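Subject: Structure handover

Hello,

I am passing a structure on to you.

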Amino acid sequence: MKRSERSLLPALLSAAIVILAFGFSAPASAQTAAGFLRGDSNADGDVDIADAVKTLMYLFSGEGIPCLDAADVDVNGSIELTDPIALLGYIFLGSPPPDSPFPACGLAPEGKPSLGCETPQCLPQLPGVEPLWVWMPDNCRQCEPCPTIAEIVADLESMGIQVFDSKYISRWNVCLACGCPTGMFYCVLVSEEDAESLAAMGVGWSSGPMPGGR
Ligand SMILES: [Ca+2]
Ligand SMILES: [Ca+2]
């Protein structure tokens, strides 16, 4: 990193949190972070033949599926050939649609088998709460690893901030001695109310482009 860029770090790291408001509503509990659309195996927001193909590739070629619950169309707690068959039956033959959550994103229904959802696909509707992607600056100690995103989320939740999703860390390698990062931004999805709580704790925010780009 150039000297001029290093000189900008303090300003960057003290920069305001940048909040990107999304047009959907947030869930009420941590469980709701794992919102998904049943049948949407490839996590593109639609349920179509590509999802059946994705599940077949998972079964026979070892491809990953970002949210296993989404691929379990018949909700029997396992992903089998019956799942893409059921989906194709719905698409082409008028068979019953996938079980809840469908046709809108939502939570896994209680009392039914769940395979988990490592990468939530969407956020279920909950009127009155707006989720916000929050970019937050943080400092790392020189020549020591930055906290992981999981540690950051744990810290926020220990402060009573509910984190629905997290997905990005931008780091600057500014230590010439060891090349370690000494500054970073991270991105978490919190409710608008919790964003205000963060501001009350002394962390300001403003709208604008994502710091660090991408
Ligand atoms: Ca899809
Ligand atoms: Ca199944």
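Here is what was found, starting with the whole chain and then going through its parts.

**Overall**

This is a predicted model. The chain has six helices and five strands. From the N terminus, the order of elements is α-β-α-α-α-β-α-β-β-α-β. The chain holds 214 residues, and 32% of them are buried. Take the contacts with a separation of 6 or more: 72% of them join residues 24 or more positions apart.

**Helix α2**

Start with α2, which covers residues 49-61. Its 13 residues, at 1.5 Å a residue, should span 18 Å. The end C-alpha atoms are 17 Å apart, so the length agrees.

Which residues of α2 are buried? They are Asp51, Ala52, Lys54 and Thr55. These residues cover an arc of only 160° around the axis, so they sit on the same side of α2. Ile49, Phe60 and Ser61 are exposed, on the face turned away from that buried side. The cover over the buried residues of α2 includes α3 (68-71) and α4 (82-93). Just after the helix comes Gly62, with a positive phi of about 80°.

**Helix α4**

Now look at α4. Its buried residues are Asp83, Pro84, Ala86 and Leu87. Their arc around the axis is only 160°, which puts them on the same side of α4. What do the buried residues of α4 pack against? They pack against α2 and α3. On the face turned away from the buried side, Phe92 and Leu93 are exposed. Gly94 follows α4, and its phi is positive, near 75°.

**Two cis peptide bonds**

Next, go to the loop between α4 and β2 (131-139), where you will find Pro101. A cis peptide bond joins Ser100 to Pro101, with omega about 0°. Pro103 also lies in the loop between α4 and β2. The bond from Phe102 to Pro103 is cis, and omega is near 5°.

Ala43 has a positive phi, near 55°, although Ala43 is a residue other than glycine. You will find Ala43 in the loop between β1 (17-21) and α2. Is Ala43 buried or exposed? Ala43 has 20 other C-beta atoms within 10 Å. A residue needs 20 or more to count as buried, so Ala43 is buried.

Val75 is another residue other than glycine with a positive phi, near 50°. Val75 lies in the loop between α3 and α4. Val75 has 19 C-beta neighbours inside 10 Å, so Val75 counts as partly exposed.

**Nonpolar cores**

In soluble globular proteins, nonpolar side chains tend to be buried together. Here the largest nonpolar core has twelve residues. Ala43 is one of them. A second, separate core has eleven residues, among them Val163, Phe164, Tyr186 and Leu198.

**Where to look**

For a quick tour, begin with the buried side of α2, including Asp51 and Ala52. Move on to α4, whose buried residues pack against α2 and α3. Then find the cis bond between Ser100 and Pro101.

Best wishes

Technical notes
Residues numbered from 1 in each chain as written. Chains lettered and ligands numbered in written order. Predicted model: local features only at pLDDT ≥ 70, side-chain atom pairs only at ≥ 80, totals over all residues. Helix = DSSP H or I, 4+ residues; strand = E, 2+ residues; numbered from the N terminus. Expected span 1.5 Å × (residues − 1). Arc of directions from axis to C-beta. Contact = placed C-beta atoms within 7 Å. Core = buried A, V, L, I, M, F, W, Y, C linked by C-beta atoms within 7 Å.
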